Every structure is written in structure tokens, then in C-alpha cells.
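This report looks at ring pairs, charges over rings, a helix contact and backbone angles. The sequence and the structure come before the details.

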Amino acid sequence: MRFKGKLLLSYYEKRLLNAIKRFEIITMVARMNVIDLFCGMGGLSYGFSREGFQVMGFDKSEHALLAFNFNRIGRGIRKDLLTSEVEFEEGDEDVIIIGGPPCEPWSRLNLRKRCFRHPLYNCIIHFFKTIFRINPVIFILENVPDLLKDSTVCKLLERAGSGFSLAHRVICYNHYGAATSRKRLFIIGIRHGYGLSAEDIFECIPRGEPRTVRDAIWDLRHVNWNERINHVWPSARTVRKYMRYYKSGKYGWYILEWDKPSPSFGNIAKTYILHPDSFNGGQTRPISVREALRIMGFPDSYRLPPEIPLNVKYEMIADAVSPVFSLKLARTVKKLLL
Ligand SMILES: C[S@@+](CC[C@H](N)C(=O)[O-])C[C@H]1O[C@@H](n2cnc3c(N)ncnc32)[C@H](O)[C@@H]1O
């Protein structure tokens, strides 16, 4: 029906049109490939996968890919990216490339072999080379904030600026709803001509209620070792020997506090991050793998298979992007892009 030249749609017609639009968006997202370089256990990919993108992850670690594939994040492929390229087919320029190359060359914990002296330095170079070769719709790079102090990386970004709208932010995961105050640098590039600025993405990512250690793991405090999936921790026989480190507050030696977010932690099998009840009438022990996953924002449906050794599990969690943030990031990309 027409009224003053306008098409008037009935309630059912409007609902049908909305359903068609939703279906079109879902199929467009499902067709859009996300390539995760250095995908690890899939923290960064997690959000894109849950938002319906087709994710392909590349990593050289057998254990990381085991976790990636076990949790059905996408198709995980084992590849040493320093010795072989990711192959793309014609028409693949409509991809999104994401990735968190190893951060050891700029990590404040690594005082020797910094920047280009570090054997993993070329991973970041590979990331940029892939961006220049493929010219994706969007790229998202995650790393430690000190990456931006590296002059070679700054030059690579300058070059990227001629083809992409660029923006960067240091993100504190606690501001987005994870129970950790870990901070990470995110750089976003959107190909010129797409009618979007990278700043728009950061501006539109919704913040979340900051969470504490209590919010994340309180219900597990009386659950015994291995009584839940991944609720395991290393033997704490030597913990008392390190008491002076815990008192010093040195990086990596923390007893968590119930009503604060957890500080950023590394591999818990190396520097034990202790449960808040430690030395306080409760059990004195490192936090379990499940507790570490919860603090980072992984849901209990995310599982690390038993074949992965305990120290590798802790290492991968320490390396991962918080899925609470990756979910919001992916949702925003989807909303703005489509
Ligand atoms: C910081 S982690 C990535 C974490 C991931 N983005 C996440 O959110 O879970 C870096 C990853 O790079 C991988 N890696 C290191 N050197 C590599 C190489 N030469 N080729 C492929 N992957 C490599 C490591 O195995 C590790 O999983």
C-alpha cells in the first residue's frame, strides 16, 4: 500500500524484511575470513569465532593448535611463520587479518636480547609483510605497549598509514569486564576507501563492569584438585621458601586479593600466583588453570585438553588476549563493517 508516495508495510512484511536483512548479515559475516597469525590458544580469535566469522589460525605450537581446534575456534593450521608464508587465493583481499606476534622482544621482563637482537623479532616483521602483501579490509595487531618505542615498528606503521586508516589504544582488560588489570596495545588499520576510520572502532567498543578476583573465582575456593575440568595446580611444597618474594611485591610474585582485579601475570608454573586465601587460614597454593582462565575471562566451556602439559597451559593463558575484550572488539567490527 502507498501513502503520499511512500510504501506502507504491514507488521508482518516489516518482520520479514528484518529477518531477510539479518540473514544477509549472517551470511556475509560467515563468508568473511579472519586470519589469525600467531593464534596461540585462540584468545583473540575467540570473539571473531563467536560472532560468526570464519576463522583460520596459524601457529607453530602443536599444543596451541590442540587447544584452538579442541575448542572449535576455527581451523587451526600448524605453520612456522618465519620459514613459510600463509597462502592466499585470488579474491582473498576481503579478509580480516588479526594477530599477536610474540612480545618477548619488547617485554619489560626480558632485559637481555631486546628488540631486533631477540630471535623472535622477525615475527612482527612477518606480520607487517603479510599486511602489505594481502592488503586486508582490516588488520588488528595486539602486543605490549612498549612495541611503539621500536623505531622499525614505527616506520612499518608509517608505511601502513598510506594504505590504511590507523589508530591505537592501550586497553586495560578490567575496563571491559575481565578480572585482570593486564594492559595490552591494540593497533587497528582499516583499508582506505572503506568509509570507516580506525578510531571509530575504538570509540564504539562498549566498556564493561570491572570485575574482581572474587567475582571470577569465589565459587571454586572449596573445590578440590581436579574435581572440575582444568581445576589443577602444581604442588606448592616449595611456596613457603619464596615468602620473601611475595612480601617484596616484585613483578610476578603475587598473592591475589579477593576484592581487586588480578595484576597481570606471566607463566604461573614459573612464578606462582597464589590463591587469595594463601597464608591466611585457607589453602596455600597457586591458582589453578581454571582460575587463571576465569580471571582472563574465559568461560567454563573453554577447556584445555589433558594432553597439554600443565606449564604449557599456564604459558598459553599468560600469552592470550582476554576473550571478554575480543568478543566486544569482534562485535564492534561486525556492526561497523556490515
Ligand atoms: C602472544 S602468543 C599469541 C596469543 C594469541 N593471540 C591469543 O590470544 O591466544 C604468540 C604465539 O606465537 C607463536 N609463535 C612463535 N613463533 C612462531 C613462529 N615462528 N611461527 C608461528 N607461530 C609462532 C607461539 O607459539 C605463540 O602461540
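What follows describes these topics in turn.

## Basis of the model

This is a predicted model, in which local features need pLDDT of at least 70 and side-chain atom pairs count only at pLDDT 80 or more, whereas totals for chains, interfaces and linings use all residues. Residues are numbered from 1 along each chain as its sequence is written, and side-chain values use heavy atoms, with hydrogens and water left out.

## Aromatic pairs

A pair of aromatic rings is described by the distance of the centres and the angle of the planes. Rings of Phe, Tyr and Trp (for Trp, its six-membered ring) pair if their centres lie within 6.5 Å, and planes under 30 degrees apart count as stacked, over 60 as edge-to-face and the rest as tilted. By this rule the count comes to 13 aromatic pairs. In one of them, the centres of phenylalanine 127 and phenylalanine 139 are 6.4 Å apart and the planes stand at 70°, so the pair is edge-to-face. It links distant parts of the chain, with phenylalanine 127 in helix H4 (residues 122–134) and phenylalanine 139 in strand E7 (residues 138–143), twelve residues apart; helices (H or I, at least four residues) and strands (E, at least two) are DSSP runs, numbered from the N terminus. Both phenylalanine 127 and phenylalanine 139 are buried, where buried means under 20% relative accessible area, exposed over 50% and partly exposed in between (1.4 Å probe, protein chains only). Ring pairs also link Phe127, Phe128, Phe132, Phe139 and Phe164 into a cluster.

Tryptophan 218 and tryptophan 258 form an edge-to-face pair as well, at 4.8 Å centre to centre and with 75° between the planes. Tryptophan 218 lies in the loop between helix H7 (213–217) and helix H8 (243–248), and tryptophan 258 in the loop between H8 and helix H9 (289–296), so the pair ties together parts that are 40 residues apart in sequence. Tryptophan 218 is partly exposed, at 34% relative accessible area, whereas tryptophan 258 counts as buried at 12%.

## Charges over rings

Arginine 214 lies over the face of tryptophan 218, at 4.7 Å from the ring centre, and arginine 182 lies over the face of phenylalanine 265, at 5.6 Å from the ring centre. A charge sits over a ring if NZ of Lys or CZ of Arg is within 6 Å of the ring centre and within 35 degrees of the ring normal.

## Contact of H9 with H10

The axes of H9 and helix H10 (residues 310–319) come within 10 Å and cross at roughly 10°, the axes being lines fitted to C-alpha atoms over the stretch in contact, with angles from 0 to 180 degrees between N-to-C directions. Val289, Ala292, Leu293 and Met296 in H9 meet Leu310, Lys313, Tyr314 and Ile317 in H10, where contact means heavy atoms within 4.5 Å.

## Positive phi values

Most residues other than glycine have a negative phi. Arginine 72, in the loop between helix H3 (62–70) and strand E5 (75–78), has a positive phi near 50° and is exposed, with a relative accessible area of 71%. Asparagine 230, in the loop between H7 and H8, has a positive phi near 70° but counts as buried at 7% relative accessibility.
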